[in-house]
Structure formats: C-alpha cells, structure tokens
Amino acid sequence: MMQMTMDELTVGQRGAIKAIHAPKQLKRRLMDMGFTKGVDIEVVKLAPMGDPIEVSVRGYHLCLRRAEARKIELS
Amino acid sequence: MHTIALIGNPNSGKTTLFNALTGTSAYVGNWPGVTVEKKEGMLNSHKILDLPGIYSLSPYSPEEQLSRRYILDEQPDLIIDVIDATNLERSLYLVTQLAELGCPLLLVLNMADLLEKEGITIDTKRLSQMTGSPVVIVSASKGTGINALKETIEQSLEEKYVALCPLFSNFVERYISHIIEDDYLHAIPQGRQMRWAAIKLIEEDELFLSSMPPLPDAFNTYLTKSRAELADHYDDDPEAIIIDQRYKVAEHIAKDCQIRKQKVKSFNFDSIATNRIAAIPLFILIMGAVFYLSIGLVGGYTTPILENLFGYLGGQVLTLSDTLGVHPLLSGILVDGIIAGVGAVLTFVPQLFILFLLLSILEDCGYMARIAFIMDRMMRTLGLSGKSIIPLVIGTGCSVPAIMSSRTIEHQKQRELTVIVTPFIPCGAKMPVFALMLTYFFPGQWYIAPLIYLLGIVAVIVTGLLAQAIDKHKETNAFILELPRYQLPTVKNVWLQTKERTLGFIIKAGTIILLSSVIIYLLSSYSFTLQTVDAERSMLAIMGRIIAPLFIPLGFGFWQASVALLTGIAAKETIVSTLSVTIGTTNLGSFFDPASALSFMTFILLSSPCIAAISAMFKELGSMRKLLYALLWQTGFAYVSALLVRYIVLLLI
C-alpha cells in the first residue's frame, strides 16, 4: 500500500500523524514541537517558492521544509 | 537572597514579563562583553534570571543545553515557567519536564488579554491542582496581574511547593519504578531527582550518562532489556515513547482545564506578508522604508546640523584656549583630537537611533519569523537557512547582536556560515565612513550608497555558493520554525532594546573612540624622540608606512589610510576620526581619487569587522582556528574585491 506523507498534502488538507521516519535528532525536534502519533495537522500555506510549508498543529503554526515533511507519515 | 529562573517557550512573552518584573533600572544590557545568554535582574532583593526560550529540555540545541545546565547545576530556588495561555497544550509539554527537576515551580499564564479574543477559557484552579504548582494569570504587555504574581512569587519561595511529576502509562511506570529501586541511582549527585534520572536512563540521554559514574554490567543489561521491551510494546524508540507519554499528559491536562470555542476568522496580515506573490516585494519594500526613514530622512536632516554644531564647538574652544594661553598640545588634543574625532561619530546617533528603533519593532512584532519563512528557499541555495536572514537584517544595525542572534540556527554548519557572512552586511558604524567618502567624492550621486549594500549582499552570496561548492559532505539539515501570532510591539521592549543599542554606540564614542582620538593625535604630532614634528615624520606615519605598501595596488598605499584601517579594528567609526585627525575631512581629495575612494570603502565594507564583532564571532564559532579562517576569508575577499572595484572604476572613467 502507498504511504501518505505530509508533503503530499495540499493547502487546506488535513491528516493525522502515524510515524516519523527521521534521524534521532530531527525526530526528537519534530516530536518536541508536538508532532506525536495520532495528532491532527493541517497544511495552511506554502512559501513563495512552494517550500517551506506552513502547518497548523496543536493550535499553533509552524513551518518546515518539504524534505522534513516527507519524513512524516500520515494515516 | 533567592535565585529565580524565568523559563518558557520562545514567543511566550518571557522577556516582556522579565522587564515588567524587574523594571528598567535593573536591566543588564547584552552589549559586547556582557553575557547575552541569560539576562539578570533584581526583584525585591531576589536575583531573577531570564533564560533562553526553549520548547524542551532535550540536549540538542545550544539554548536548550544552556537552560538545562543552568537549572540542573545552579539549582534555582524557584522556576517560573512562562506559558502562552493561548498555546496551553504545547507549553504543558515543557511543564512535564520541569516538574521532574525537583525545584519549586510557578506557572504564569501570559497573554491573558488574548484569551477572550481567541475564545479560550482556562480553569486556573484546576490547572494548579493537576500540576501541583501555583498558577497566576497575567498580561505582561498590558501589565495586568503583575502584583498578584509578585505576591505569589514570595509565597512560593517560602512554601516551596513540590510540583507533581507527570504520570505515564502503567507499562512505562513499571520500568521507571524498577530503575529507581536499583542501588545505582542512590549514588547520583545530590539535588538530582531519582525519577528524572530514571527517565533519562530509559531515554539513553547522552549528556546525562556522561555526567554519571559508569553503569554496572548487570544494571546496564537490565536497562538494555527494558528499552527493548518498551520499543517492542510501543513500536517506537524509547526517547520517542517518553515524548509521546509527556504529550499525552499535556493533552489530558489541557483538555481538563481549558475550553476552546471556535474563533471567529478575522483579517490576517499574513495573507499579504506571506502571500506567494506579494511576500518578497513587501519584504524589500519594508527594508527600503527602514533605510529611507533612518538614513535618508532623519540622517539627511540631522547630520549637517550636528556637523556644524561640532565644527562651531571646535572653533569656539580653539579661540578660547588661544585667549587663555593654553598650551597648543592641549588645545590640539581637545579640538583636533577629541572634538573632531568623537564629534564625527556622534553625528550619526540620531539616524542610528531610528534604525535601531525600526529594527526592534520588526523583531518584536513577529515579522522576522515570516521573513525566515519566505526567504528559506533562497537562503538554502547558499547553504544557509531561512533563519540566517534574521542576523543579516539585524546586521544592518550592528553585527554584534546580529551574530548573537544566529544562535537559534540549529544546524552547526549553517550557523557558522551565517556568523562568517553577517559582517559583510554594512553595519551602522560603517555608515559614517561611507558618508564621509561619498559626500566628498560623489556629492549628489545617490545610487552609490545602495550599491554598497548590494556589494555586501553579493559577498554573502559568493561566500555561500563557494562554501556549498567545497562542502564535500552535504548533509540534509532541518528548518523548523514557529510562526508566532503577530502582536503589537510593546513600547517598553522596543524602547529598552533601542536605548541599549544606541547607548552602546554612544558609550563607544565616549570611551574607545575618545581614547583613540587622543592617542592618534599624540602619535601623529610627535616623533619617536618625542619631538614635535609635522605629521609626515610622526610615530604614526612611521608605523603606518610599514603596512602601507600592501595597499598600493588598491590605490591607498599612504600611511594615513593604513593607520585608519588599523584603528578601525577597535571600532569602525574610528576610521572617520583617524582620517579627520591625520588628513582632515576637507583635504581627502589630495590623497584619494574616486577610484581609490571606492576601493577603500569596499575594503572597509568587507574586511574583518571591529573587535566587538570579532569577539562575538569567536564566541559563536567556538574555536580560534575557525575564527582565524573566517577573518582571513573576510579580509582576503575584501582585498580582491577592492582591487576589482578600483580597476573597474578606472576602466569606466
């Protein structure tokens, strides 16, 4: 089955986090910011060149690059 | 005396609260030399510390390490956790970590004024019950609740409430209690909490492990087995399991204590500020407006007035000392040394004040994070991060706070590259030098000043591209940044920061520049045998002549320019005072021509920065070798660029 990752979402689409496939340090950072299993996220906006992306999680906004979003698997 | 540590997420209004609690008088500036990492102030005879904003006590970024080390090693009497009340859940995640440290904890719900607007109500009593810590609700920017907070601080210092440690799932708790029972943990350094230590052992926290005696074999085997069982049960690594458990606790508390109504959508400035088409033009427009207002409008008005003022003052003092029969040496020091040198620098105070003011408004309102967001893609091609744009913008004011602000860039290589390129952006102190040369050689040619900024940007780009090209191990690096809510800048914050930076400039004029003006005057009036001689045969001339030949290819191989460059290492403004002492500001034409004037400016723009910025660079780069490489690169790049500029201009004329 195809896995869905966060970078595939378009603006306004939502998803729930299933797993983070990233090196220890990056994974820790993402989780510290609130990207834990089962959390709902929404892609809010894209930067002028389509990257990075702005995401809403746990009631606040943050931005991250597509490369990082690709490491976040959604269910 | 008690010690209180102020901690909290970035953008939680921690610094605003710090300022509200300590008042302006207690402010310790973060100007060169003074620690920037933590600010200190006084509150009712207690020492209060403002630690860097962090999301977690994980040991990964330098700020987190600093805050963690401080709390663990210094054992403050009270930790105040400043919480953005509109962002309760994520803030509680940090609370779950702080609660385990064994220090009394006080929770401050800040931004009370925004709760209603966001449709949020928080049951503070329930929150206090669930965390075991007193909770106070304030609005630091509006100043409400501050008195109640001060009372609660006193109370907490007396009663020493013990925060409730978050309880995890039964499965995890079983391992924690087994580990606590082991003899090993009874040997841990005093003041450290057993439960905290047990969790660190499960997480395999390297920083913690390195501070502990080696693990006995049997215990180590048990730990490895436990980690494997946990990983198996949760299908994740132990560190992630603990984070997950903490967030579950945070979710639980937030759900119980807060009611969120759907908020009404209102107009959002972000729809323009980060709009895909309008964002970058708007950024350029805003920066253009900042420079136009400060340098063009205010500077254009005040500079001639102040120049005349200092000229008049010098003339008056000279006449006065002549009538009083003051020794020409003394009047020379006063008029040609101090008044000429210091005056030339003080002339720039009004426009720098406006520049610092506008920059600190940009920093305070939340726009900086948006610039990082929209510029990240471009900065990435240079091997930099979107966050590197913040130091570059602040660098137009002063490189020192700019270099320090690079600390928020997590990735080491990007951070170091940012530190190296930031001084290429012309700072406020270089402005007097450019202004002096431009008004003399290119009066009315307005387009040259923007070209200087452009040259600085080109230097950043070339360095970035080159560093990218020679970097063999291209690592993937992250860019994760919170986009905080926009807020009206608080007058107090903006004022404090502007005052601090402007005062730093004035203090330099009154100390380093005053002293160097006197020394330069003396050195340029005497020979090594202490005879009064004309400047050509003075000590200064002899010293300058040693290095002057180096600059012959650049068109300014005379000793006055070399000496000016040398004194510029103390502070770039000193170049102006040195030139005005050795050459005289009206006599520049007999030494420079337009081509060598431009190459001189280019060299000053790009070569190694002043000593304050060099020490900031050293601090951020962390090694003498890296610093030397950086300075060598900057100065070498400056030399080649100046050479190019000179010959291009000579060809064109």
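Modeller: The largest nonpolar core has 195 residues, and L62(A), L6(B) and V108(B) touch the most other members. Helix α11(B), residues 238-257, gives this core its largest share, ten residues. Keep in mind that this is a predicted model. In general, nonpolar side chains of soluble globular proteins tend to be buried together.

Take L6(B) as the entry point.

L62(A) is among the core residues that touch the most other members.

Now chain A as a whole. Chain A has two helices and six strands. Along the sequence they run β-β-α-β-β-β-α-β. The radius of gyration of chain A is 11 Å, close to the 11 Å that the globule rule gives for 75 residues, so chain A is as compact as a globular protein of that length. Its C-alpha atoms fill a box of roughly 30 × 30 × 20 Å along the principal axes. Of its 75 residues, 48% count as buried. Consider the contacts in chain A with a separation of 6 or more: residues 24 or more positions apart account for 50% of them.

Two backbone details in chain A deserve a check. As background, most residues other than glycine have a negative phi, and most peptide bonds are trans. A cis peptide bond joins D51(A) and P52(A), with omega about 0 degrees. P52(A) is found in the loop between β3(A) and β4(A), the latter being residues 53-57. R58(A) is not a glycine, yet its phi is positive, at about 45 degrees. R58(A) sits in the loop between β4(A) and β5(A). R58(A) is buried, because 21 other C-beta atoms lie within 10 Å, and the cut-off is 20 or more.

M111(B) is not a glycine, and its phi is positive, about 65 degrees. M111(B) lies in the loop between β5(B) (105-110) and α4(B) (112-118). V108(B), which is among the core residues that touch the most other members, falls within the range 105-110 of β5(B). M111(B) is buried, because 27 other C-beta atoms lie within 10 Å.

Next, the overall form of chain B. Chain B has 28 helices and nine strands. Its radius of gyration is 29 Å, close to the 26 Å that the globule rule gives for 653 residues, so chain B is as compact as a globular protein of that length. The C-alpha trace of chain B spans about 85 × 55 × 55 Å along its principal axes. Of the 653 residues, 47% count as buried. Among contacts in chain B between residues at least 6 apart in sequence, 73% join residues at least 24 apart.

Helix α3(B), residues 88-98, is mostly covered: eleven of its eleven residues are buried.

The axes of α19(B) (412-421) and α21(B) (448-470) come within 10 Å and cross at roughly 150 degrees. Their crossing is right-handed. From α19(B), the contact uses L417(B), I420(B) and V421(B). From α21(B), the contact uses V460(B), T463(B), G464(B) and A467(B). By class, this contact has five nonpolar, two polar and no charged residues. An α-helix has 3.6 residues a turn, so residues three or four places apart point the same way.

Note on methods. Residues numbered from 1 in each chain as written. Chains lettered and ligands numbered in written order. Predicted model: local features only at pLDDT ≥ 70, side-chain atom pairs only at ≥ 80, totals over all residues. Core = buried A, V, L, I, M, F, W, Y, C linked by C-beta atoms within 7 Å. Buried ≥ 20, exposed ≤ 12 C-beta atoms within 10 Å, placed from the backbone. Helix = DSSP H or I, 4+ residues; strand = E, 2+ residues; numbered from the N terminus. Axes fitted to C-alpha atoms, helices over the stretch in contact; angles between N-to-C directions. Left-handed = near helix turned anticlockwise from the far one by under 90°. Contact = placed C-beta atoms within 7 Å. Nonpolar A, V, L, I, M, F, W, Y, C, P; charged D, E, K, R; others polar. Rg over C-alpha atoms; globule rule 2.2 N^0.38 Å.
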